[in-house]
Every structure is written in structure tokens, then in C-alpha cells.
Amino acid sequence: MPGKTVLLIDDDVELLRQMTAALERAGFVVTPATDGESGLKRLKAGPPDLVITDLLMPVREGIETIIDLRRRHPEIPILAISGGLRLGPGDFLNLARLLGADATLAKPFRLQQLVDAARHLLEQRSAPAAAAGRA
Amino acid sequence: MPLDRLMLLHELNNLLGKIAGAAELGLLRAEHPEVRAELETIVRLAEDGGGIIRRHAGSAREARA
């Protein structure tokens with residue numbers, strides 16, 4: 001996916017660094033942000049092709065970010081990521097799905113899984129457009 | 001299980017994930033077979049540790065329910 005842009009939001013600075021490195025190595029252009037508020041501010045520079053967001057964060061947590069993002073940019077695919085072992089990651093990730101996330105990934109995950117999920121989401125989004133173009 | 005202990009497991013789970021992630025990034029660059037083998041061991045052990053924590057937390061959640 002060379003050149004596809006990703007807004008990547010996670011308050012865990014080390015994990016953010018690792019995910020950024022893995023996605024960049026796979027050819028994505030990544031804009032990292034450490035909370036939902038600063039992530040949404042970066043949207044002003046132009047909507048990305050994909051948003052990847054953590055759910056449990058300070059300032060503006062991921063669920064709120066997803067709701068806001070869905071309202072402003074319904075066309076952007078969203079991948080929600082979360083640990084949330086305390087209550088079971090499924091609880092938060094299911095909620096994220098209900099509120100508009102297109103896919104979810106439970107932490108901890110292999111970085112390659114993240115890259116594969118990002119590619120898959122973008123391929124899914126581009127497939128209907130390509131089919132419409134052929135029709 | 002007390003909530004603070006579940007929180008601790010959550011933190012440890014995330015930490016192990018990041019240890020595996022750092023080794024995985026190393027694997028993207030490492031070419032020497034012995035270095036790759038050591039990095040693969042780190043990934044595997046960190047994932048094993050994460051599995052133990054998740055099983056432990058899972059049974060604790062069931063006990064609380």
C-alpha cells in the first residue's frame with residue numbers, strides 16, 4: 001500500500017513508535033498522535049486513507065473519537081485496537097464496532113497482524129470503487 | 001481477584017506485547033541467522049507470557065462474574 005496515509009492514535013508512546021515503524025516499513029505514510037483530541041486536530045491537514053485508534057486514552061478516548069470521526073468523515077475506514085484485559089478486550093472492541101469501527105484488533109498483537117489488517121481494510125474500501133469504475 | 005491485581009495483569013500483558021513488538025521490528029532488519037533465532041525466541045516467549053496472563057485474567061473474570 002505505498003503512499004496510503006494513516007492517522008495512528010495511541011497514548012502508549014512505545015507501542016505508537018513500534019506501530020509507526022511497522023506501517024512505514026510496509027509503505028504507509030503515518031501521522032502518529034497520542035490522544036484522540038490531537039488526532040482529530042490532525043484531520044484538518046486533510047483526511048487520511050485510514051484511521052487506527054486505541055480505545056482507552058486520556059484527553060479524548062477512542063470511542064468518543066470514533067463517534068466524532070464517523071460523523072465528520074463517514075468514508076474513512078477505522079480500525080479500533082484495545083487491550084482492556086481488565087474487562088475483556090471484546091467488551092470495548094464490540095462497542096467500537098457498534099459505534100462505527102470497521103474492524104478491530106485486540107492487544108497484544110503481532111505488528112504484522114496490524115499491517116495485514118490495515119491492508120485488508122483499504123483493499124475492502126477500494127474494491128467496490130474499482131468495481132463501480134468497471135461497470 | 002482484586003481490581004488492582006487485574007490492572008497489574010493488564011499492564012504486564014501490554015508490556016509483554018511491546019517486548020514482542022521490539023523483537024519483531026528487529027526481525028525486519030536482522031539478517032544473521034543466530035540473531036534472528038534469538039529474536040524469534042523473544043517473540044515466542046513474550047507471547048507465551050501474554051497467554052499465561054490472559055488465561056489467568058480470564059479465570060479471574062469468570063470468578064468475579
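Helix α1 (residues 13-25) of chain A and helix α1 (residues 3-29) of chain B have axes that come within 10 Å and cross at roughly 30 degrees. That makes α1(A) roughly parallel to α1(B), a label for angles under 35 degrees. This is a predicted model, in which local features need pLDDT of at least 70, side-chain atom pairs count only at pLDDT 80 or more, and totals for chains, interfaces and linings use all residues. Residues are numbered from 1 along each chain as its sequence is written, and side-chain values use heavy atoms, with hydrogens and water left out.

**Helix pair**
- The crossing of α1(A) with α1(B) is left-handed, meaning that the near helix is turned anticlockwise from the far one by less than a right angle.
- On the chain A side, the contact (heavy atoms within 4.5 Å) includes E14(A), R17(A) and R25(A) of α1(A).
- Their counterparts in α1(B) include K18(B), L25(B) and R29(B).
- By class, the contact of α1(A) with α1(B) has 6 nonpolar, 3 polar and 5 charged residues.

**Chain interface**
- Chain A gives 19 residues to the contact and chain B gives 21 residues.
- About 1,700 Å² is buried between chain A and chain B, with 61% of it on carbon and sulfur atoms; buried area is the accessible area (1.4 Å probe) that two parts lose on being put together, summed over both.
- Between chain A and chain B there are 3 salt bridges, each a side-chain nitrogen of Lys or Arg within 4 Å of a carboxyl oxygen of Asp or Glu.
- R110(A) and E47(B) form a salt bridge, with the closest N and O atoms 3.5 Å apart.

**Around K107(A)**
- A salt bridge joins the side chains of K107(A) and D10(A) at 2.8 Å, N to O.
- This pair links distant parts of the chain, 97 residues apart: K107(A) lies in the loop between β5 (103-106) and α5 (111-134) of chain A, and D10(A) in the loop between β1 (5-9) and α1 of chain A.
- The peptide bond joining K107(A) and P108(A) is cis, with omega about -5 degrees.
- Most peptide bonds are trans.

Technical notes:
Chains are lettered from A and ligands numbered from 1 in the order in which they are written. Axes are lines fitted to C-alpha atoms, for helices over the stretch in contact, and angles run from 0 to 180 degrees between N-to-C directions. Helices (H or I, at least four residues) and strands (E, at least two) are DSSP runs, numbered from the N terminus. Angles under 35 degrees count as roughly parallel, over 145 as roughly antiparallel, 65 to 115 as roughly perpendicular and the rest as oblique. Ala, Val, Leu, Ile, Met, Phe, Trp, Tyr, Cys and Pro count as nonpolar, Asp, Glu, Lys and Arg as charged, and the others, Gly among them, as polar.
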